[in-house]
Amino acid sequence: MRRQRRRMLKTVGGLGAVGLLPLRVGDAGAAAATPDLPGFDTRSIDEVIAALGAGRPMDSAEIRITAPPVAEDGRTVSIGVASGLPGTDRIVLLVEKNPVKVVASYTLPDGTAPAIQTRVKMNETSNVYAVVRAGGEFYVARREVRVIVGGCGL
Amino acid sequence: MSGPTRIRASVKDGVTEVRMLMSHPMESGLRKGPSGERVPMHYIDEITVRHNERVVLAASFGPSVSTNPYLAFSFAGGAPGDEITVSWRDTGGDSRSDSTRIS
C-alpha cells in the first residue's frame, strides 16, 4: 500500500516538471520537504493557494460558486464560478481533496465576462475553492460539494 | 487521436456566449486500466479561444478537469459570421484547433 502511494506520488510529482499550469504547483515549500515529489499536494489548501502567488486571499461574497449540493458521479461535476469583483482578470478553481488540487486557471482579457462553467473530477466530498484576482488583489470563496461515487482514481 | 472540439457560439444583445466540448481522455496518470496497469498521464494542459484573431480566453488545465472537457463563457462583442477558434495542447505534445462561426 505504502509502495503504491510512493509510485502515485512520483507520477503526480512529474506534473511539476511538465510545467503544468503557470501556477508553479510544485516549487519551494513542498520540494524542500519532499525533494523527489515536487508537485504532489500533500500541502494544505492554504499552502497551495499561497503557492499560486495569491498569498492569503481575502474572503469575498462577490464570488459565486455554483455546484450541485450533492454530486452523484465524481467523474463529472458541473461547477460554475462568477465574480462580481471589478477588474477580475483571473479565476483559479481548486478541489481541496483531490490528489492534484488545482483544477484549472483561466485568464480573462478585457471584454470577457468574469464567469466560467466547467466539469471537474472529484475524488470525494470536498470543498471547492475559487481564487479570483481582481484589480491586482486576490480573493477567495469556497463551497462544499458532497460526492456519492468518487471519481475513482480520477 | 482526438476528435474535433464541438463549439457553439451565439450572440445576443452584444454578448457572445461560447460553449465547447473538447474530445480528450484527460488521463491523470492515477487511474488503473482493466489489466491493473496504470494508464499513463495524458491531459490537455493549455487552451486558447480566439474571436477572429483576438484572444478572448486562455486557460491552463490540470488532470482534475473531467474527461472530454466542457467549458462555457461569454465575451462582449462578436457578430454573426465571426470566427471562434478553440486551440489546445496536451501533455503528450498533441494539439488541435477547431473553428466555428457565431450564429
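Strand S6 of chain A, residues 102-107, runs antiparallel to S4(B), and 4 bridges join them. Two strands pair here if DSSP finds at least two bridges between them. Strands are DSSP runs (E) of at least two residues, and helices are runs (H or I) of at least four, numbered from the N terminus. In this pairing, A:Ala104 stands opposite B:Phe61 in S4(B).

Some background. This is a predicted model, where local features need pLDDT of at least 70 and side-chain atom pairs count only at pLDDT 80 or more, while totals for chains, interfaces and linings use all residues. Residues are numbered from 1 along each chain as its sequence is written, and chains are lettered from A and ligands numbered from 1 in the order in which they are written.

Now the contact as a whole. Chain B gives 30 residues and chain A gives 34, where contact means C-beta atoms, placed from the backbone, within 7 Å. On the chain B side, the elements giving two or more residues are strand S4 (54-61) and strand S5 (70-76).

Last, two residues of chain A. Is A:Met58 buried or exposed? A:Met58, in strand S1 (residues 58-59), counts as exposed because it has 9 C-beta neighbours inside 10 Å. The cut-offs are 12 or fewer for exposed, 20 or more for buried, and partly exposed in between, with C-beta atoms placed from the backbone. A:Arg64, in strand S2 (residues 63-66), has 15 such neighbours and so counts as partly exposed.

Terms used
Contact = placed C-beta atoms within 7 Å.
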